[in-house]
Amino acid sequence: EKAKFTMDFNLDIDNQSEIQLIFDEEIGDLIKLHGEGDLYLKIHESDNLNIFGDFNIDKGSYLFTLQDVITKSFEIERGGVIQFNGDPYNATINFHLLYHTKASLNPLNANYDRDKKSTVLCGIEMSGDILSPDIRFYINIPNADQITETSLESLTNTDQKLFQQFLYLLITNSFLITDDPNVNYLGNKLPNTGTELLSSQL
């Protein structure tokens with residue numbers, strides 16, 4: 001009769017350790033997370049692996065690639081967590097991915113110079129089950145004045161409008177104002193194509 005066994009490991013992980021969440025190994029579509037935590041691993045005779053404990057994120061990165069249309073590097077904010085409760089595929093996550101870009105704020109506030117670029121943060125909050133997380137998009141403009149904040153709110157006051165602005169910023173590093181006479185939006189096929197592809201992948 002085959003012997004039965006289990007193997008138990010208690011791991012004290014320092015902040016030099018890395019966890020990878022691989023979405024597509026062939027194209028290198030993955031999230032790399034550095035952090036620390038106390039994890040308990042249990043391997044059963046059937047080769048099943050159970051993990052318990054929290055992995056607290058110190059930093060991380062995600063190189064998002066979409067065919068030949070877009071490649072963007074997101075950073076992971078410190079303070080996120082992966083919570084393991086047994087089966088690794090049943091883990092829960094809570095962290096933010098940030099893409100830093102520079103865009104003109106003139107479409108939001110005419111007092112800004114059209115040629116001057118300001119910092120804009122495109123964020124993704126991922127939470128819940130690791131295999132089917134809840135995803136929330138947001139756009140932040142550090143130190144924005146009231147006029148700019150009000151304009152941004154009006155451009156993103158529905159999920160569809162927020163998603164459209166988010167994708168357009170990723171692709172063109174600018175805000176989408178369809179009635180702006182200085183932007184030939186209808187003649188630019190790249191944003192339309194990129195938006196469709198990125199929307200599908202996300």
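## Lys 72 and its surroundings

Apart from residues up to four places away in sequence, Lys 72 is in contact with Tyr 62, Leu 63, Phe 64, Tyr 99, Leu 170 and Asn 173. The model described here is predicted. Lys 72 belongs to strand β4. With a relative accessibility of 13%, Lys 72 counts as buried, because the limit for that class is under 20% relative accessible area.

Two of these neighbours also meet Lys 72 through polar atoms. The side chains of Lys 72 and Tyr 99 are joined by a polar contact of 3.2 Å.

## Overall architecture

The protein has 202 residues, of which 40% count as buried. Its secondary structure consists of three helices and eight strands. Read from the N terminus, the order of elements is β-β-β-β-β-β-β-β-α-α-α.

Of the contacts between residues at least 6 apart in sequence, 52% join residues at least 24 apart. The protein exposes about 12,100 Å², and carbon and sulfur atoms supply 46% of that area.

## The nonpolar core

In soluble globular proteins, nonpolar side chains tend to be buried together. The largest nonpolar core in this model contains 45 residues. The members that touch the most others are Leu 33, Phe 74, Ile 82, Phe 95, Leu 97 and Phe 175. Helix α2, which spans residues 159-172, gives the largest share of this core, namely seven residues.

Phe 95 illustrates the contacts made by one of these members. When residues up to four places away in sequence are set aside, Phe 95 touches Leu 21, Ile 31, Leu 33, Ile 57, Ile 76, Gly 80, Val 81, Ile 124, Glu 125 and Met 126.

## Salt bridges

Side chains of opposite charge can pair when their charged atoms come close. The count of salt bridges in this model is two. One of them joins the side chains of Asp 58 and Arg 78, with an N to O distance of 3.1 Å. Asp 58 lies in strand β3 (residues 49-66) and Arg 78 in the loop between β4 (70-76) and β5 (81-86), so this pair ties together parts that are 20 residues apart in sequence. Asp 58 is partly exposed, at 25% relative accessible area, whereas Arg 78 is exposed, at 68%.

Another salt bridge links Arg 136 with Glu 125, where the closest N and O atoms are 2.8 Å apart. Arg 136 is located in strand β8 (residues 134-140) and Glu 125 in strand β7 (residues 117-129), so the pair ties together parts that are 11 residues apart in sequence. Arg 136 is partly exposed, with a relative accessible area of 43%, while Glu 125 counts as buried at 19% relative accessibility. Glu 125 is also among the residues touched by Phe 95.

Leu 11 lies in strand β1, which covers residues 6-24. The relative accessible area of Leu 11 is 35%, so this residue is partly exposed.

Conventions: Residues numbered from 1 in each chain as written. Predicted model: local features only at pLDDT ≥ 70, side-chain atom pairs only at ≥ 80, totals over all residues. Heavy atoms only, no water. Helix = DSSP H or I, 4+ residues; strand = E, 2+ residues; numbered from the N terminus. Buried < 20%, exposed > 50% of the residue type's maximum accessible area, 1.4 Å probe, protein only. Salt bridge = Lys/Arg side-chain N within 4 Å of Asp/Glu carboxyl O. Core = buried A, V, L, I, M, F, W, Y, C linked by side-chain atoms within 4.5 Å. Contact = heavy atoms within 4.5 Å. Polar contact = N/O pair within 3.5 Å; in protein donor to acceptor, adjacent residues only side chain to side chain. Areas by Shrake-Rupley, 256 points an atom, 1.4 Å probe, with all protein chains shown as cover.
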